[in-house]
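Me: I want to know what stands behind the labels. Please take them one at a time.

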Amino acid sequence: MKYKKKILCIGAGYVGGPTMAVIADNCPQYKVTVSDINKEKIKMWNSDVLPIYEPGLLEVVKRARGRNLFFSTEIDKNIIDADIIFVSVNTPTKTFGEGAGKTADLQYWEKTARNILKVSKSNKIIIEKSTLPVRTAAAMERILNSKNNSIHFEVISNPEFLAEGTAISDLENPDRVLIGSKETKEGLQARDEIVEIYANWIPREKILTSNIWSSELSKLVVNAFLAQRISSINSISALCEKTEADITEVSKAVGTDSRVGSKFLNPSVGFGGSCFKKDILNLVYICENYGLYEVAEFWENVVKINDFQQNRFVVNMIKSMFNTISDKKIVLLGFAFKANTGDTRESPAISISKKLIEEQANIVISDPKAIDNAKIDLKDFADKILYIEDPYEACVDAHAICIITEWDLYKDLDYEKIYKKMVKPSFIFDGRNILDHKKLFKIGYNVYPIGKTALTHFK
Ligand SMILES: NC(=O)c1ccc[n+]([C@@H]2O[C@H](COP(=O)([O-])OP(=O)(O)OC[C@H]3O[C@@H](n4cnc5c(N)ncnc54)[C@H](O)[C@@H]3O)[C@@H](O)[C@H]2O)c1
(Lines give C-alpha, C1' and ligand atoms only; values in the text may rest on other atoms or scores of the structure.)
Protein backbone atom coordinates (compact mmCIF):
# COMPACT_ATOMS: atom_id res chain seq x y z
CA MET A 1 0.00 0.00 0.00
CA LYS A 2 1.18 3.53 -0.83
CA TYR A 3 1.12 5.74 2.22
CA LYS A 4 1.01 9.55 2.16
CA LYS A 5 3.78 9.79 4.78
CA LYS A 6 5.60 7.48 7.19
CA ILE A 7 5.46 8.36 10.88
CA LEU A 8 7.71 6.76 13.48
CA CYS A 9 7.31 7.13 17.22
CA ILE A 10 10.33 6.28 19.37
CA GLY A 11 9.14 5.23 22.85
CA ALA A 12 6.18 2.87 23.26
CA GLY A 13 5.08 3.90 26.75
CA TYR A 14 1.98 5.52 28.25
CA VAL A 15 2.21 8.37 25.74
CA GLY A 16 3.77 6.86 22.61
CA GLY A 17 1.48 3.81 22.42
CA PRO A 18 -1.95 5.44 22.88
CA THR A 19 -1.06 8.60 20.91
CA MET A 20 0.12 6.69 17.87
CA ALA A 21 -2.80 4.27 18.06
CA VAL A 22 -5.24 7.18 17.86
CA ILE A 23 -3.31 8.88 15.03
CA ALA A 24 -3.23 5.61 13.05
CA ASP A 25 -6.92 4.97 13.71
CA ASN A 26 -7.89 8.41 12.41
CA CYS A 27 -5.35 8.69 9.58
CA PRO A 28 -5.33 5.47 7.53
CA GLN A 29 -3.34 7.28 4.82
CA TYR A 30 -0.27 7.49 7.12
CA LYS A 31 1.89 4.53 8.08
CA VAL A 32 2.49 4.73 11.82
CA THR A 33 5.22 2.63 13.45
CA VAL A 34 6.04 2.61 17.14
CA SER A 35 9.49 1.45 18.26
CA ASP A 36 11.09 0.86 21.61
CA ILE A 37 14.32 -0.56 22.97
CA ASN A 38 12.24 -2.69 25.30
CA LYS A 39 11.56 -5.83 23.24
CA GLU A 40 9.13 -7.30 25.76
CA LYS A 41 6.97 -4.17 25.55
CA ILE A 42 6.83 -4.33 21.76
CA LYS A 43 5.87 -8.00 21.96
CA MET A 44 2.99 -7.06 24.25
CA TRP A 45 1.86 -4.21 21.96
CA ASN A 46 1.60 -6.88 19.24
CA SER A 47 -0.58 -9.09 21.46
CA ASP A 48 -3.99 -8.75 23.09
CA VAL A 49 -2.39 -8.14 26.50
CA LEU A 50 -1.09 -4.59 26.07
CA PRO A 51 1.75 -3.37 28.33
CA ILE A 52 -0.46 -0.65 29.85
CA TYR A 53 -4.07 -0.58 30.98
CA GLU A 54 -6.12 2.23 29.51
CA PRO A 55 -9.91 2.06 28.93
CA GLY A 56 -10.73 1.69 25.21
CA LEU A 57 -7.08 1.35 24.12
CA LEU A 58 -7.20 -2.29 23.02
CA GLU A 59 -10.16 -1.61 20.71
CA VAL A 60 -8.35 1.29 18.99
CA VAL A 61 -5.14 -0.73 18.64
CA LYS A 62 -7.02 -3.70 17.18
CA ARG A 63 -8.74 -1.50 14.57
CA ALA A 64 -5.47 -0.13 13.18
CA ARG A 65 -2.82 -2.74 13.98
CA GLY A 66 -1.57 -4.52 10.84
CA ARG A 67 -3.39 -1.98 8.63
CA ASN A 68 -1.33 1.17 9.19
CA LEU A 69 -0.19 0.73 12.79
CA PHE A 70 2.90 -1.35 13.51
CA PHE A 71 4.98 -2.05 16.61
CA SER A 72 8.60 -2.87 15.92
CA THR A 73 11.98 -3.23 17.62
CA GLU A 74 13.85 -2.34 14.43
CA ILE A 75 14.52 1.26 15.36
CA ASP A 76 17.28 2.08 12.87
CA LYS A 77 15.45 0.70 9.84
CA ASN A 78 12.32 2.62 10.82
CA ILE A 79 14.29 5.85 11.31
CA ILE A 80 15.66 5.52 7.78
CA ASP A 81 12.13 5.01 6.39
CA ALA A 82 10.37 7.75 8.38
CA ASP A 83 9.42 11.24 7.19
CA ILE A 84 8.21 12.33 10.62
CA ILE A 85 9.60 11.09 13.96
CA PHE A 86 7.81 11.62 17.24
CA VAL A 87 10.15 11.17 20.20
CA SER A 88 8.26 10.01 23.26
CA VAL A 89 10.96 8.54 25.44
CA ASN A 90 10.96 9.00 29.20
CA THR A 91 12.41 12.17 30.74
CA PRO A 92 12.58 11.35 34.46
CA THR A 93 14.00 13.63 37.13
CA LYS A 94 17.78 13.49 37.14
CA THR A 95 19.09 11.46 40.08
CA PHE A 96 22.78 12.37 39.83
CA GLY A 97 25.16 15.29 39.36
CA GLU A 98 24.20 18.89 38.62
CA GLY A 99 20.47 19.49 39.03
CA ALA A 100 19.90 16.09 40.70
CA GLY A 101 16.39 15.81 42.15
CA LYS A 102 15.09 18.68 40.04
CA THR A 103 15.97 18.95 36.38
CA ALA A 104 14.97 16.44 33.69
CA ASP A 105 17.37 13.65 32.80
CA LEU A 106 17.69 14.14 29.07
CA GLN A 107 20.01 11.22 28.38
CA TYR A 108 17.30 9.10 26.70
CA TRP A 109 16.27 12.03 24.50
CA GLU A 110 19.82 12.90 23.55
CA LYS A 111 20.74 9.27 22.76
CA THR A 112 17.69 9.10 20.53
CA ALA A 113 18.65 12.34 18.74
CA ARG A 114 22.21 11.10 18.17
CA ASN A 115 20.91 7.82 16.79
CA ILE A 116 18.55 9.62 14.43
CA LEU A 117 21.50 11.69 13.23
CA LYS A 118 23.69 8.60 12.80
CA VAL A 119 21.34 6.51 10.68
CA SER A 120 19.26 9.05 8.73
CA LYS A 121 19.65 9.34 4.99
CA SER A 122 16.94 11.94 4.26
CA ASN A 123 15.35 15.10 5.71
CA LYS A 124 12.99 14.58 8.64
CA ILE A 125 10.68 16.41 11.00
CA ILE A 126 11.55 15.54 14.60
CA ILE A 127 8.79 16.09 17.11
CA GLU A 128 9.28 16.55 20.83
CA LYS A 129 6.40 14.56 22.29
CA SER A 130 8.13 14.00 25.62
CA THR A 131 7.86 16.79 28.17
CA LEU A 132 11.09 18.75 28.06
CA PRO A 133 12.59 21.80 29.72
CA VAL A 134 12.00 25.03 27.84
CA ARG A 135 14.69 25.64 25.17
CA THR A 136 15.53 21.93 24.77
CA ALA A 137 14.64 22.10 21.08
CA ALA A 138 17.60 24.39 20.51
CA ALA A 139 19.99 21.86 22.04
CA MET A 140 18.41 19.04 20.06
CA GLU A 141 18.66 20.96 16.84
CA ARG A 142 22.33 21.63 17.51
CA ILE A 143 22.94 17.91 17.97
CA LEU A 144 20.84 16.89 14.99
CA ASN A 145 22.44 19.37 12.65
CA SER A 146 25.98 18.85 13.91
CA LYS A 147 27.06 16.52 11.11
CA ASN A 148 28.33 18.36 8.14
CA ASN A 149 25.93 16.97 5.57
CA SER A 150 22.96 18.06 3.52
CA ILE A 151 20.26 16.35 5.62
CA HIS A 152 17.95 18.80 7.39
CA PHE A 153 16.11 18.05 10.63
CA GLU A 154 13.34 20.43 11.67
CA VAL A 155 12.48 20.19 15.37
CA ILE A 156 8.85 20.78 16.37
CA SER A 157 7.35 20.80 19.86
CA ASN A 158 4.04 18.97 20.24
CA PRO A 159 3.58 18.27 23.97
CA GLU A 160 1.03 15.71 25.07
CA PHE A 161 -1.74 16.72 27.46
CA LEU A 162 -3.51 13.37 27.88
CA ALA A 163 -4.35 12.13 31.35
CA GLU A 164 -3.84 8.48 32.19
CA GLY A 165 -7.13 6.69 32.79
CA THR A 166 -8.88 8.82 30.15
CA ALA A 167 -6.10 8.81 27.53
CA ILE A 168 -8.22 7.60 24.63
CA SER A 169 -11.05 10.08 25.07
CA ASP A 170 -8.51 12.86 25.70
CA LEU A 171 -6.76 11.99 22.45
CA GLU A 172 -9.99 11.58 20.48
CA ASN A 173 -11.44 14.81 21.75
CA PRO A 174 -8.71 17.02 23.19
CA ASP A 175 -9.26 20.50 24.64
CA ARG A 176 -6.53 21.52 22.25
CA VAL A 177 -3.43 20.30 20.44
CA LEU A 178 -0.36 22.52 20.67
CA ILE A 179 2.27 22.69 17.95
CA GLY A 180 5.30 24.91 18.44
CA SER A 181 7.73 25.68 15.65
CA LYS A 182 10.40 28.09 14.60
CA GLU A 183 9.06 30.95 12.58
CA THR A 184 11.34 30.24 9.61
CA LYS A 185 10.06 28.99 6.26
CA GLU A 186 11.14 25.40 7.10
CA GLY A 187 9.71 25.68 10.61
CA LEU A 188 6.30 26.83 9.41
CA GLN A 189 6.22 24.21 6.66
CA ALA A 190 6.96 21.44 9.17
CA ARG A 191 4.35 22.87 11.55
CA ASP A 192 1.72 22.76 8.79
CA GLU A 193 2.52 19.11 8.08
CA ILE A 194 1.82 18.23 11.70
CA VAL A 195 -1.33 20.38 11.77
CA GLU A 196 -2.52 18.41 8.73
CA ILE A 197 -2.23 15.11 10.61
CA TYR A 198 -4.30 16.27 13.58
CA ALA A 199 -6.83 18.03 11.36
CA ASN A 200 -8.02 14.58 10.27
CA TRP A 201 -10.16 14.40 13.41
CA ILE A 202 -9.66 17.55 15.46
CA PRO A 203 -11.45 20.81 14.59
CA ARG A 204 -8.95 23.33 13.23
CA GLU A 205 -9.74 25.93 15.93
CA LYS A 206 -8.55 23.45 18.57
CA ILE A 207 -5.14 23.09 16.95
CA LEU A 208 -3.06 25.88 18.46
CA THR A 209 0.25 26.94 17.01
CA SER A 210 2.91 28.93 18.81
CA ASN A 211 6.59 29.59 18.92
CA ILE A 212 8.60 26.61 20.03
CA TRP A 213 9.56 27.98 23.47
CA SER A 214 5.96 28.80 24.38
CA SER A 215 4.96 25.29 23.44
CA GLU A 216 7.66 23.65 25.57
CA LEU A 217 6.92 25.92 28.52
CA SER A 218 3.12 25.57 28.29
CA LYS A 219 3.30 21.86 29.00
CA LEU A 220 5.26 22.41 32.21
CA VAL A 221 2.92 25.22 33.23
CA VAL A 222 -0.28 23.20 32.68
CA ASN A 223 1.00 20.47 34.97
CA ALA A 224 2.20 23.02 37.51
CA PHE A 225 -1.25 24.71 37.55
CA LEU A 226 -3.11 21.40 37.89
CA ALA A 227 -0.87 20.22 40.73
CA GLN A 228 -1.13 23.64 42.35
CA ARG A 229 -4.94 23.34 42.50
CA ILE A 230 -4.64 19.96 44.20
CA SER A 231 -2.14 21.30 46.73
CA SER A 232 -4.32 24.37 47.29
CA ILE A 233 -7.41 22.35 48.18
CA ASN A 234 -5.34 19.86 50.20
CA SER A 235 -3.82 22.68 52.25
CA ILE A 236 -7.34 23.90 53.03
CA SER A 237 -8.42 20.34 53.93
CA ALA A 238 -5.91 20.43 56.81
CA LEU A 239 -7.48 23.68 58.04
CA CYS A 240 -10.99 22.22 57.73
CA GLU A 241 -10.05 19.34 60.02
CA LYS A 242 -9.05 21.84 62.71
CA THR A 243 -12.04 24.17 62.36
CA GLU A 244 -15.07 21.91 61.71
CA ALA A 245 -15.46 23.38 58.25
CA ASP A 246 -16.24 20.70 55.65
CA ILE A 247 -13.94 20.55 52.62
CA THR A 248 -16.70 19.26 50.31
CA GLU A 249 -18.83 22.28 51.13
CA VAL A 250 -15.91 24.67 50.83
CA SER A 251 -14.78 23.11 47.57
CA LYS A 252 -18.29 23.42 46.12
CA ALA A 253 -18.70 27.02 47.23
CA VAL A 254 -15.31 27.95 45.80
CA GLY A 255 -15.58 25.86 42.62
CA THR A 256 -18.98 27.21 41.60
CA ASP A 257 -17.38 30.62 41.22
CA SER A 258 -16.95 30.63 37.45
CA ARG A 259 -13.68 32.52 37.82
CA VAL A 260 -12.25 29.59 39.79
CA GLY A 261 -13.98 26.59 38.17
CA SER A 262 -14.77 23.27 39.79
CA LYS A 263 -12.17 20.87 38.37
CA PHE A 264 -9.22 19.56 40.35
CA LEU A 265 -10.67 20.68 43.66
CA ASN A 266 -11.12 17.24 45.23
CA PRO A 267 -9.08 16.78 48.39
CA SER A 268 -7.04 13.59 48.60
CA VAL A 269 -3.97 11.87 49.96
CA GLY A 270 -2.04 13.91 47.42
CA PHE A 271 -1.20 13.81 43.75
CA GLY A 272 1.00 11.19 42.13
CA GLY A 273 1.85 10.09 38.63
CA SER A 274 5.08 10.35 36.72
CA CYS A 275 4.57 13.94 35.59
CA PHE A 276 3.33 16.49 38.14
CA LYS A 277 6.24 16.41 40.56
CA LYS A 278 8.84 15.94 37.85
CA ASP A 279 7.51 18.80 35.73
CA ILE A 280 7.18 21.22 38.65
CA LEU A 281 10.71 20.48 39.84
CA ASN A 282 11.87 21.03 36.31
CA LEU A 283 10.14 24.42 36.29
CA VAL A 284 11.71 25.23 39.66
CA TYR A 285 15.15 24.36 38.32
CA ILE A 286 14.73 26.52 35.22
CA CYS A 287 13.55 29.48 37.34
CA GLU A 288 16.56 29.08 39.65
CA ASN A 289 18.85 28.97 36.64
CA TYR A 290 17.50 32.30 35.48
CA GLY A 291 17.87 33.74 39.01
CA LEU A 292 14.09 33.84 39.59
CA TYR A 293 14.32 32.50 43.14
CA GLU A 294 10.94 33.79 44.37
CA VAL A 295 9.18 32.18 41.41
CA ALA A 296 11.06 28.92 42.02
CA GLU A 297 10.09 28.93 45.69
CA PHE A 298 6.43 29.60 44.87
CA TRP A 299 6.21 26.45 42.71
CA GLU A 300 8.38 24.31 44.97
CA ASN A 301 5.83 24.78 47.73
CA VAL A 302 3.25 22.92 45.63
CA VAL A 303 5.41 19.81 45.98
CA LYS A 304 6.06 20.49 49.67
CA ILE A 305 2.33 20.64 50.42
CA ASN A 306 1.89 17.34 48.58
CA ASP A 307 4.52 15.69 50.78
CA PHE A 308 2.89 17.27 53.84
CA GLN A 309 -0.51 15.85 52.86
CA GLN A 310 0.81 12.30 52.47
CA ASN A 311 2.69 12.50 55.74
CA ARG A 312 -0.30 13.99 57.54
CA PHE A 313 -2.48 11.08 56.42
CA VAL A 314 -0.23 8.58 58.21
CA VAL A 315 0.31 10.75 61.30
CA ASN A 316 -3.45 11.17 61.62
CA MET A 317 -3.89 7.43 61.33
CA ILE A 318 -1.39 6.71 64.10
CA LYS A 319 -2.93 9.29 66.43
CA SER A 320 -6.44 7.99 65.81
CA MET A 321 -5.45 4.39 66.44
CA PHE A 322 -4.28 5.08 70.00
CA ASN A 323 -0.77 6.23 69.00
CA THR A 324 0.41 2.86 67.78
CA ILE A 325 -0.14 0.81 64.67
CA SER A 326 2.63 -1.64 65.45
CA ASP A 327 1.57 -5.21 64.56
CA LYS A 328 -1.88 -3.99 63.42
CA LYS A 329 -3.20 -5.15 60.07
CA ILE A 330 -3.88 -2.20 57.79
CA VAL A 331 -5.36 -2.63 54.32
CA LEU A 332 -4.63 -0.23 51.48
CA LEU A 333 -7.52 -0.28 49.03
CA GLY A 334 -5.87 0.98 45.87
CA PHE A 335 -2.25 1.44 44.95
CA ALA A 336 -2.43 3.08 41.50
CA PHE A 337 -1.85 6.85 41.56
CA LYS A 338 -5.40 7.33 40.26
CA ALA A 339 -8.35 5.22 39.15
CA ASN A 340 -8.51 3.45 35.78
CA THR A 341 -4.79 2.93 35.40
CA GLY A 342 -2.29 0.38 36.63
CA ASP A 343 0.41 3.08 36.77
CA THR A 344 1.92 3.53 40.22
CA ARG A 345 4.72 5.98 39.43
CA GLU A 346 4.98 8.50 42.31
CA SER A 347 1.73 7.14 43.75
CA PRO A 348 1.08 8.42 47.30
CA ALA A 349 0.55 4.72 48.10
CA ILE A 350 4.31 4.20 47.93
CA SER A 351 5.30 6.73 50.59
CA ILE A 352 2.28 5.82 52.75
CA SER A 353 3.19 2.11 52.61
CA LYS A 354 6.80 2.84 53.56
CA LYS A 355 5.74 4.98 56.52
CA LEU A 356 3.31 2.31 57.73
CA ILE A 357 6.04 -0.33 57.50
CA GLU A 358 8.37 1.97 59.46
CA GLU A 359 5.69 2.03 62.17
CA GLN A 360 5.74 -1.79 62.08
CA ALA A 361 2.19 -2.17 60.81
CA ASN A 362 1.29 -5.33 58.88
CA ILE A 363 0.13 -4.03 55.54
CA VAL A 364 -2.04 -5.65 52.90
CA ILE A 365 -2.24 -4.08 49.45
CA SER A 366 -5.22 -4.52 47.18
CA ASP A 367 -5.78 -3.05 43.70
CA PRO A 368 -7.60 -4.31 40.60
CA LYS A 369 -4.82 -3.32 38.15
CA ALA A 370 -1.69 -2.21 39.98
CA ILE A 371 -0.51 -5.13 42.13
CA ASP A 372 2.30 -6.13 39.74
CA ASN A 373 3.68 -2.58 39.75
CA ALA A 374 3.24 -2.29 43.53
CA LYS A 375 5.38 -5.40 44.00
CA ILE A 376 8.16 -3.74 41.98
CA ASP A 377 7.84 -0.42 43.86
CA LEU A 378 8.05 -2.16 47.24
CA LYS A 379 10.40 -5.00 46.36
CA ASP A 380 12.70 -4.13 49.29
CA PHE A 381 9.85 -4.84 51.72
CA ALA A 382 8.55 -8.04 50.11
CA ASP A 383 8.52 -10.01 53.38
CA LYS A 384 6.50 -7.30 55.16
CA ILE A 385 3.56 -6.99 52.76
CA LEU A 386 0.70 -9.19 51.61
CA TYR A 387 -0.87 -8.57 48.19
CA ILE A 388 -4.51 -9.67 47.91
CA GLU A 389 -6.61 -8.51 44.98
CA ASP A 390 -10.00 -9.46 46.44
CA PRO A 391 -10.89 -6.58 48.82
CA TYR A 392 -13.14 -8.78 50.98
CA GLU A 393 -10.37 -11.29 51.56
CA ALA A 394 -7.84 -8.49 52.09
CA CYS A 395 -9.87 -6.94 54.93
CA VAL A 396 -10.34 -10.06 57.08
CA ASP A 397 -8.93 -9.40 60.58
CA ALA A 398 -7.88 -5.87 59.65
CA HIS A 399 -7.81 -3.02 62.16
CA ALA A 400 -8.06 -0.35 59.51
CA ILE A 401 -8.88 0.25 55.85
CA CYS A 402 -7.34 3.13 53.89
CA ILE A 403 -8.83 4.23 50.60
CA ILE A 404 -5.85 5.31 48.53
CA THR A 405 -7.20 5.14 44.96
CA GLU A 406 -10.67 6.31 43.90
CA TRP A 407 -11.61 3.08 42.03
CA ASP A 408 -15.39 2.91 41.56
CA LEU A 409 -15.42 -0.65 42.88
CA TYR A 410 -14.50 0.60 46.38
CA LYS A 411 -17.63 2.77 46.49
CA ASP A 412 -19.87 -0.25 46.08
CA LEU A 413 -18.31 -2.79 48.46
CA ASP A 414 -20.51 -4.41 51.11
CA TYR A 415 -18.94 -2.61 54.07
CA GLU A 416 -21.30 -4.32 56.52
CA LYS A 417 -19.96 -7.71 55.48
CA ILE A 418 -16.38 -6.40 55.72
CA TYR A 419 -17.01 -4.86 59.16
CA LYS A 420 -18.13 -8.19 60.60
CA LYS A 421 -14.74 -9.74 59.86
CA MET A 422 -12.57 -6.85 61.08
CA VAL A 423 -10.92 -6.35 64.47
CA LYS A 424 -12.89 -3.93 66.68
CA PRO A 425 -12.80 -0.99 66.97
CA SER A 426 -12.60 -0.78 63.19
CA PHE A 427 -11.25 2.24 61.35
CA ILE A 428 -11.69 3.61 57.83
CA PHE A 429 -9.43 6.37 56.53
CA ASP A 430 -10.99 7.63 53.33
CA GLY A 431 -8.09 9.23 51.50
CA ARG A 432 -10.33 10.13 48.55
CA ASN A 433 -13.62 11.05 50.21
CA ILE A 434 -15.50 8.61 47.98
CA LEU A 435 -17.44 6.65 50.62
CA ASP A 436 -20.74 7.31 52.39
CA HIS A 437 -19.27 8.31 55.74
CA LYS A 438 -22.52 8.50 57.72
CA LYS A 439 -23.53 5.04 56.56
CA LEU A 440 -20.14 3.62 57.56
CA PHE A 441 -20.42 5.27 60.96
CA LYS A 442 -23.84 3.69 61.47
CA ILE A 443 -22.40 0.28 60.63
CA GLY A 444 -19.93 0.80 63.48
CA TYR A 445 -16.76 2.09 61.82
CA ASN A 446 -14.74 5.03 63.10
CA VAL A 447 -14.52 7.12 59.97
CA TYR A 448 -11.75 9.59 59.08
CA PRO A 449 -12.35 11.49 55.85
CA ILE A 450 -10.02 14.16 54.46
CA GLY A 451 -10.93 17.73 55.43
CA LYS A 452 -13.98 16.85 57.53
CA THR A 453 -14.63 16.14 61.17
CA ALA A 454 -14.04 12.47 61.92
CA LEU A 455 -17.08 10.35 62.88
CA THR A 456 -16.05 8.25 65.84
CA HIS A 457 -17.74 6.16 68.48
CA PHE A 458 -15.23 7.20 71.14
CA LYS A 459 -16.42 9.46 73.96
N1 LIG B 1 2.37 9.41 31.28
C2 LIG B 1 1.66 10.48 31.04
O3 LIG B 1 0.50 10.60 31.44
C4 LIG B 1 2.26 11.63 30.25
C5 LIG B 1 1.40 12.64 29.77
C6 LIG B 1 1.95 13.66 29.03
C7 LIG B 1 3.32 13.70 28.78
N8 LIG B 1 4.13 12.73 29.26
C9 LIG B 1 5.56 12.80 28.93
O10 LIG B 1 5.82 11.91 27.86
C11 LIG B 1 7.10 11.31 28.00
C12 LIG B 1 6.97 9.81 28.00
O13 LIG B 1 6.22 9.44 29.14
P14 LIG B 1 5.63 7.97 29.31
O15 LIG B 1 4.76 8.02 30.51
O16 LIG B 1 5.10 7.49 28.01
O17 LIG B 1 7.00 7.18 29.65
P18 LIG B 1 7.21 5.59 29.61
O19 LIG B 1 8.33 5.32 30.53
O20 LIG B 1 5.91 4.89 29.79
O21 LIG B 1 7.68 5.32 28.09
C22 LIG B 1 8.90 5.73 27.57
C23 LIG B 1 9.42 4.61 26.67
O24 LIG B 1 10.59 5.07 25.99
C25 LIG B 1 11.45 3.94 25.81
N26 LIG B 1 12.81 4.40 25.50
C27 LIG B 1 13.70 5.03 26.30
N28 LIG B 1 14.83 5.29 25.63
C29 LIG B 1 14.66 4.83 24.37
C30 LIG B 1 15.45 4.81 23.20
N31 LIG B 1 16.69 5.33 23.18
N32 LIG B 1 14.95 4.25 22.07
C33 LIG B 1 13.71 3.70 22.08
N34 LIG B 1 12.89 3.70 23.15
C35 LIG B 1 13.35 4.25 24.28
C36 LIG B 1 11.33 3.19 27.13
O37 LIG B 1 11.74 1.84 26.99
C38 LIG B 1 9.84 3.34 27.44
O39 LIG B 1 9.09 2.25 26.94
C40 LIG B 1 7.71 11.91 29.27
O41 LIG B 1 8.49 13.02 28.91
C42 LIG B 1 6.49 12.37 30.04
O43 LIG B 1 6.80 13.45 30.88
C44 LIG B 1 3.63 11.68 29.97
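Here are the labels, each set against its definition.

Reply: This is a predicted model, where local features need pLDDT of at least 70, side-chain atom pairs count only at pLDDT 80 or more, and totals for chains, interfaces and linings use all residues. Residues are numbered from 1 along each chain as its sequence is written, and side-chain values use heavy atoms, with hydrogens and water left out.

Me: Why is Leu-144 called buried?

Reply: Buried means under 20% relative accessible area, exposed over 50%, and partly exposed in between (1.4 Å probe, protein chains only). Leu-144 has 1% relative accessibility, so the residue counts as buried. Leu-144 sits in helix α6 (residues 136-144). Helices are DSSP runs of H or I with at least four residues, strands are runs of E with at least two, and numbering starts at the N terminus.

Me: What does Leu-144 touch?

Reply: Contact means heavy atoms within 4.5 Å. Leaving out residues up to four places away in sequence, Leu-144 touches Ala-113, Ile-116, Leu-117, Ile-126, Phe-153 and Val-155.

Me: Why is Tyr-290 called exposed?

Reply: Its relative accessible area is 54%. The cut-off is over 50%, so the label is exposed. Tyr-290 is in the loop between α11 (276-289) and α12.

Me: What makes Glu-288 and Lys-102 a salt bridge?

Reply: A salt bridge is a side-chain nitrogen of Lys or Arg within 4 Å of a carboxyl oxygen of Asp or Glu. For Glu-288 and Lys-102 the N to O distance is 3.1 Å, so the pair qualifies. Glu-288 lies in helix α11 and Lys-102 in the loop between β4 (84-87) and α5 (107-119), so the pair ties together parts 186 residues apart in sequence.

Me: Are these two partners buried or partly exposed?

Reply: Glu-288 is partly exposed at 25% relative accessible area. Lys-102 is buried at 18%.

Me: What makes Arg-345 and Glu-164 a salt bridge?

Reply: Their closest N and O atoms are 3.4 Å apart, and the limit is 4 Å, so the pair qualifies. Arg-345 lies in the loop between β9 and α13 (348-358), Glu-164 in the loop between β6 (153-157) and α7 (167-172), so the pair ties together parts 181 residues apart in sequence. Arg-345 is partly exposed at 36% relative accessibility, whereas Glu-164 is buried at 10%.

Me: How do you know that β13 and β14 pair?

Reply: Two strands pair if DSSP finds at least two bridges between them. Strand β13 (residues 427-430) and β14 have three bridges, in the parallel sense, so they pair. Ile-428 stands opposite Val-447 in β14.
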